Amino acid sequence: MKNGKYSKILLGLVRFFTFFMLIAFVVTCSFMLFLNSMELDLEILKNKAILTFANVILLTLILWVIDSVRRKLTVERHVRNIIQGLDKITKGDFNVKIDVPKETGNEFGIIIKQINQMTTELAGVETLRTDFIANVSHELKTPLAVIQNYSTMLQSPELTPEERTEYARAITNSARSLANLITNILKLNKLENQQIYPESKPYNLSEQLCECLLNFEEVWEEKGLDIEADINEDIIINADGELLSLVWNNLFSNAMKFTEQGCISVSLKQNDSFIVVTVSDTGCGMSAETGRHIFEKFYQGDTSHAVKGNGLGLALVKRIIDIVSGEISVQSEIGKGSTFTVRFRRNTNEKI
């Protein structure tokens, strides 16, 4: 604190000395030019020199005071506000807002606006980080608790073979759910940090959709679901096939996960402008409010179905679709099912 006070005094003295030297130089030069052409008594010159020196000191003091007041109003006040705001930011308070100067053309106003914008971004990132950690912790606890409970129960010597099989299956399902959660977190993290770059090349989207759908054959047969596929043949798309396979697998998985009975429909069409993929189901559906947030990380509007997913699959889908410059939307009604529509703009050079 004392060091800062002494520094301010020293800077004030430096500014005072600078003004003094500048004024003394100007006055001396002016008098030298003026007196060069005149003949004055030496005694008179000595007396006038003392008066002139006193005037230089007075002018220096006046200019120094004016400059100090100017600095306090136009510089130090804003610098103090910026320092106080940055001090709060370094302590983790991202809700701080520094008052923007009302004077037009003030450079400090530009700096302060940028700092306020930075704190707004940091506050958003901090909220996402906190929510992400909280949600990940919660999602990890659920399968771990199941694994721990069933593992403890398996140690009982009184279990029947059927019970042991049932408990082992529950542990396997929870372990698989845990592995899927971690995999999706890692993939989503890489996508959001742009550590995965799409490798676009032409490939047959029709074949890819059929292959992905057939991977779920065991699931739809076990549930007795009807499958309707209206897929136009040999539709070629220029995109990253590996990334898009994650999209179709997630959409098919969700459709079958939330449909206990009924039908799953998959459609692939193209027109002059777009290639359109739709995945529909006759499952539980969702409310309009849930539909607005369905692509957010960990969002699960229907908590009764929370055990069936971790809220990351559709966030991953949305991020991939954004990366490959596509569009995705959802239409749904509670009790009637959901329809996800993915659209890609066609290359105008392609032929239908």
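## Some ground rules

Buried means under 20% relative accessible area, exposed means over 50%, and partly exposed is anything in between, worked out with a 1.4 Å probe and counting protein chains only. Take Arg343: it has a relative accessible area of 29%, so it is partly exposed.

What you're looking at is a predicted model, where local features need pLDDT of at least 70 and side-chain atom pairs count only at pLDDT 80 or more, while totals for chains, interfaces and linings use all residues. Residues are numbered from 1 along each chain as its sequence is written, and side-chain values use heavy atoms, with hydrogens and water left out.

## The whole chain

Let's start with the overall picture. The chain has nine helices and seven strands; these are DSSP runs numbered from the N terminus, with helices being H or I of at least four residues and strands being E of at least two. Of its 352 residues, 32% are buried.

The chain exposes about 23000 Å², and carbon and sulfur atoms supply 58% of that. Accessible areas like this one come from the Shrake-Rupley method with a 1.4 Å probe, and for residues only the protein chains shown count as cover. As for contacts (heavy atoms within 4.5 Å), take those in the chain with a separation of 6 or more: 70% of them are between residues 24 or more positions apart.

Helix α2 spans residues 42–90, and Ile62 is part of it. Together with Leu58, Leu59, Leu63 and Ile66, Ile62 makes a nonpolar surface patch of about 430 Å². Patches are built from residues with over 30% relative accessible area and no salt bridge, joining like charges within 9 Å and nonpolar side chains (Val, Leu, Ile, Met, Phe, Trp, Tyr) within 5 Å. Ile62 itself is partly exposed, at 41% relative accessible area.

Leu86 also sits in α2, and at 33% relative accessibility it counts as partly exposed. The C-alpha atoms of Leu86 and Ile115 are 8.4 Å apart, although the two residues are 29 places apart along the chain.

Now move along to Asn204, which is in strand β1 (residues 201–204). Is Asn204 buried or exposed? At 14% relative accessibility, Asn204 counts as buried. Leaving out residues up to four places away in sequence, Asn204 touches Asp234, Ile235 and Ile236. With Asp234 there is also a side-chain to side-chain polar contact at 3.1 Å. (A polar contact is a pair of N or O atoms within 3.5 Å; within protein, one must be able to donate a hydrogen and the other to accept it, and residues adjacent in sequence count only if both atoms are side-chain atoms.)

In α5 (residues 205–214), the residues Leu205, Ser206, Gln208, Leu209, Cys212 and Leu213 are buried. They cover an arc of only 165° around the axis, so they are on the same side of α5; the arc is taken from the directions from the helix axis to the C-beta atoms. Why can residues line up like that? An α-helix has 3.6 residues a turn, so residues three or four places apart point the same way. Glu211 and Leu214, on the other side of α5, are exposed.

## Salt bridges

A salt bridge here is a side-chain nitrogen of Lys or Arg within 4 Å of a carboxyl oxygen of Asp or Glu, and by this rule there are six. One of them joins Glu260 and Lys223, at 3.8 Å from N to O. Glu260 lies in the loop between α7 (241–257) and β4 (263–270) and Lys223 in helix α6 (residues 217–223), so this pair ties together parts that are 37 residues apart in sequence.

Asp230 and Lys269 form another, with their closest N and O atoms 2.9 Å apart. Asp230 is in strand β2 (residues 226–231) and Lys269 is in strand β4, 39 residues apart, so to speak linking distant parts of the chain. Arg343 and Glu327 also meet in a salt bridge, at 3.5 Å from N to O. Arg343 is in strand β7 (residues 337–345) and Glu327 in strand β6 (residues 327–333), 16 residues apart.

## Helix α9

Last stop: helix α9. Eight of the 11 residues of α9 (residues 313–323) are buried, so this helix is largely enclosed by the rest of the structure. The buried ones are Gly313, Leu314, Ala315, Leu316, Val317, Ile320, Ile321 and Ile323. After α9 comes Ser325, whose phi is positive, near 60°.
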